[in-house]
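Thank you all for making the time this morning.

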Amino acid sequence: MTDEKTNRVKGRLKLSNLKLNTLLEITDAINSNSSKADLYAILKDVLISELYISKFALYIYDTDWHVTLTNGIDKATAAKINLDEVVNQYVNIDVLSSAQDKVLKNFDIVIPVYHKKKPLAYLLLADLDGEKIEISPIIKHLRFIQTLANIIVVALENKRLNKEYIKQVEVKKELELAQNMQSLLFPRRLPDSKNLKVEAYYQPHNEVGGDYYDVIQLDENRTALCVADVSGKGFSAALLMANFQANLRAIIKLEDNLVDLIKATNQKVIESANYEKFITLFICIFDAKEKELRYLNAGHQPGVLLKKDGTRELKKGCTVLGMFDELPSIQTESLSIEKGDKLICFTDGLTELELDGNQLGIEGIMPLIDRKNEISVIVNHIKEKVKSLKSASSIEDDITLLLAEFLP
């Protein structure tokens with residue numbers, strides 16, 4: 001073997017050892033959970049110190065393309081390149097064609113980094129010492145460079161996805177906890193006595209919602225029932241509703257006059273939401289001894305009272321809570337109650353469900369309600385209707401239903 005051939009073999013062996021050691025170093029760094037900066041530093045060192053590439057730019061995709069690593073060109077200049085055009089034109093290692101982009105003309109070679117057919121990174125290289133690309137020694141190292149970049153970028157992408165997964169798990173646990181906490185706001189036991197029976201149905205759009213129903217025993221004969229709805233959905237609505245529930249329960253124990261009650265709760269909503277959200281509320285007090293139902297509707301869906309001689313929508317009241325310091329024209333109404341009368345209360349998540357492109361409305365609910373049926377049967381009929389419409393409806397909102405049967 002001639003000295004020249006021996007030197008070539010030794011050179012190839014040295015280069016092979018370099019590549020192998022580099023891959024081992026990268027693997028060790030990944031296994032040691034090295035930082036993003038450390039991994040990029042290894043790539044930069046190999047390109048500059050071992051392969052003598054003096055100009056390059058690495059672009060990473062994370063919601064959009066941005067420059068992560070550069071040498072021989074500043075990041076601000078490299079950032080001017082329209083990477084979307086490069087991605088659309090080059091899917092394999094290639095020589096950059098003569099481009100109109102002045103910044104892109106600084107580079108000669110493009111190395112894409114894909115993972116599962118998804119472009120994660122693009123590495124742009126300038127050739128060595130002005131040699132023709134077809135004879136440049138960089139050419140034989142391009143696959144190695146691509147492999148090296150791929151290992152680093154994919155490892156960082158997996159680390160990012162793992163962090164996102166952990167965050168999603170944490171968020172899911174927090175949502176489950178919030179859901180459990182919110183469930184504590186609703187009455188654990190609904191009345192089922194000689195004077196009153198109550199059934200309820202609640203289905204939040206998300207894990208937590210802004211709807212609320214309650215049954216509050218005021219004394220031996222009187223029971224308050226209410227349904228409320230906060231504007232908006234999600235955590236903010238749920239937090240405001242939790243605050244509203246606490247305030248309503250505290251105020252009604254001290255003041256059960258509906259006009260004074262609604263004035264006080266309106267002020268509490270303003271203090272909590274600062275006029276940025278509002279609450280609709282239907283509230284009534286059933287007096288079993290007097291066989292009377294007093295109600296007030298604050299901008300809510302009207303309750304429906306089922307009596308022997310027909311149905312009646314309960315609309316009297318005032319505007320929504322949380323919008324005005326002084327509520328204009330507050331009205332209440334008292335109705336006599338007979339044995340077997342029923343009250344149906346709900347939020348607009350039910351009436352706004354769509355049927356053949358039109359909202360269900362109260363008209364769509366009434367055929368499901370028969371005064372002769374038990375309230376549990378009525379609830380089941382409405383549940384079945386909700387289930388059949390929910391997937392087809394474009395409206396997504398919390399759904400709450402409260403039914404009462406009066407037996408004075």
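In which loop is Asp 398 found? Asp 398 is found in the loop between α10 and β18, where helices (H or I, at least four residues) and strands (E, at least two) are DSSP runs numbered from the N terminus. Before I go on, please keep in mind that this is a predicted model, in which local features need pLDDT of at least 70 and side-chain atom pairs count only at pLDDT 80 or more, while totals for chains, interfaces and linings use all residues. Residues are numbered from 1 along each chain as its sequence is written, and side-chain values use heavy atoms, with hydrogens and water left out.

Coming back to Asp 398, this residue counts as buried because its relative accessible area is 1%, and buried here means under 20%, exposed over 50% and partly exposed in between, with a 1.4 Å probe and protein chains only. The C-alpha atom of Asp 398 is separated by 8.7 Å from that of Asp 229, although the two residues are 169 residues apart along the chain.

Now to the sheet beside that loop. Five strands form an open sheet in the order β6-β18-β15-β11-β12, with antiparallel pairing; two strands pair if DSSP finds at least two bridges between them. At the edges stand β6 (196-203) and β12 (310-314), each of which has a single partner strand, so one side of each is left without a neighbour in the sheet. On average, neighbouring strands of this sheet are turned by 15° against each other, direction ignored. Helix α10 (residues 375-390) packs on the sheet and touches β6, β15 and β18 (399-406), and the direction of α10 makes about 10° with that of β6. Contact means heavy atoms within 4.5 Å, and axes are lines fitted to C-alpha atoms, for helices over the stretch in contact, with angles from 0 to 180 degrees between N-to-C directions. Within the sheet, β11 (residues 303-307) and β15 (residues 342-346) run antiparallel and are joined by three bridges, and Val 304 has Ile 344 as its bridge partner in β15.

Let me close with the whole chain. The protein chain has 10 helices and 18 strands, and buried residues make up 47% of its 408 residues. Of the contacts in the chain with a separation of 6 or more, 64% come from residues 24 or more positions apart.
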